[in-house]
Amino acid sequence: MRRSLLALSLVFVMTALPAYAHAPSPGPNGGLKVDAGANHHVELVATGTTEVTVYLFDAADQPVSATGHTGNAILLIDGAIRRFALSAADGNRLTGTSPVPVSPGVKGAIQVITPDGTTAQGKF
């Protein structure tokens, strides 16, 4: 009886876990926001132009100054991988220019390099 109850409990937990996975959520700037490691969140804003903006937040969703940060965008656009650099702008923004227009909801990854050289990566 005890084994049956344990097995049933494990099945319940394993089927419920995917519901708790982090999917992109709406960010305060109109983009998608995801976890980027244990200490960071990033919000990717793409509006159909070549300009891409990434907003930086800490784990408590407070803005983090972009000063000293750099990054890379690796995005899947029209079936092709596009890579381009991100550089610090004012406030908590990193910006970059894609070789082609980037639509909202694009799939890919953003890598952020902090001033101390550590990296964080958010997947969209």
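Which pattern does the protein chain follow when read along the sequence? The protein chain reads α-β-β-β-β-β-β-β-β-β. The model is a predicted one, in which local features need pLDDT of at least 70 and side-chain atom pairs count only at pLDDT 80 or more, while totals for chains, interfaces and linings use all residues. Residues are numbered from 1 along each chain as its sequence is written, and side-chain values use heavy atoms, with hydrogens and water left out.

**Figure 1. Overview of the chain and its sheet.**
The protein chain contains one helix and nine strands; helices (H or I, at least four residues) and strands (E, at least two) are DSSP runs, numbered from the N terminus. The strands form an open sheet in the order β1-β2-β3-β4-β7-β6-β5-β8-β9, with antiparallel pairing. At the edges stand β1 (25-26) and β9, each of which pairs on one side only. Two strands count as paired if DSSP finds at least two bridges between them. Of the 124 residues in the protein chain, 31% are buried, where buried means under 20% relative accessible area, exposed over 50%, and partly exposed in between (1.4 Å probe, protein chains only). Among contacts between residues at least 6 apart in sequence, 47% join residues at least 24 apart; a contact means heavy atoms within 4.5 Å.

**Figure 2. The largest nonpolar core.**
A nonpolar core is a set of buried Ala, Val, Leu, Ile, Met, Phe, Trp, Tyr and Cys residues joined through side-chain atoms within 4.5 Å. The largest one has 21 residues, and those with the most contacts inside it are V42, L44, V54, L75 and I110. At least two residues of this core come from each of β3, β4, β5, β6 (80-88) and β8. In soluble globular proteins, nonpolar side chains tend to be buried together.

**Figure 3. V42 and the pairing of β3 with β4.**
Strands β3 and β4 run antiparallel and are joined by seven bridges. V42 stands opposite L56 in β4. Not counting residues up to four places away in sequence, V42 touches L32, K33, V34, A36, V54, Y55, L56, V112, G122 and F124.

**Figure 4. T53 and Y55 in β4.**
Both T53 and Y55 lie in strand β4. T53 counts as buried because its relative accessibility is 10%. Which residues does T53 contact, leaving aside its neighbours within four places in sequence? They are E43, L44, V45, R93, L94 and T95. Y55 also counts as buried, because its relative accessibility is 15%. With neighbours within four places in sequence left aside, the contacts of Y55 are N29, H41, V42, E43, V45, N92 and R93. The C-alpha atoms of Y55 and G31 are 9.1 Å apart in space, and the two residues are 24 apart in sequence.

G108 is found in strand β8 (residues 107-113). Strand β5 (residues 70-77) pairs with β8 in the antiparallel sense over seven bridges, and the bridge partner of G71 in β8 is V112. Strand β9 (residues 119-123) also pairs with β8 in the antiparallel sense, over five bridges, and I113 stands opposite T119 in β9. The hairpin of β8 and β9 has five residues between the strands, and G117 there takes a positive phi near 95 degrees. Beyond its neighbours within four places in sequence, G108 is in contact with I74, L75, G122, K123 and F124. Between the C-alpha atoms of G108 and R82, which are 26 residues apart along the chain, the separation is 9.2 Å.

On a 1 Å grid over the protein atoms alone, a cavity is a set of points where a 1.4 Å probe fits but cannot get out, and lining residues have an atom within 4 Å of a point. Grid points are joined across faces, edges and corners, and a volume is the space filled by probe spheres set on the points. By this rule there is one cavity of 30 Å³ or more, and the largest cavity has a volume of about 40 Å³. H40, H41, V42, L56, F57, V64, H69 and V112 line the largest cavity. β3 (40-46) and β4 (51-58) each supply at least two residues of this lining, and the largest share, three residues, comes from β3. The lining divides into five nonpolar, three polar and no charged residues; Ala, Val, Leu, Ile, Met, Phe, Trp, Tyr, Cys and Pro count as nonpolar, Asp, Glu, Lys and Arg as charged, and the others, Gly among them, as polar.

Definitions and conventions: 1 Å grid on protein atoms, 1.4 Å probe; cavity = no way out; pocket = protein on both sides within 12 Å on 5 of 7 lines; lining within 4 Å.
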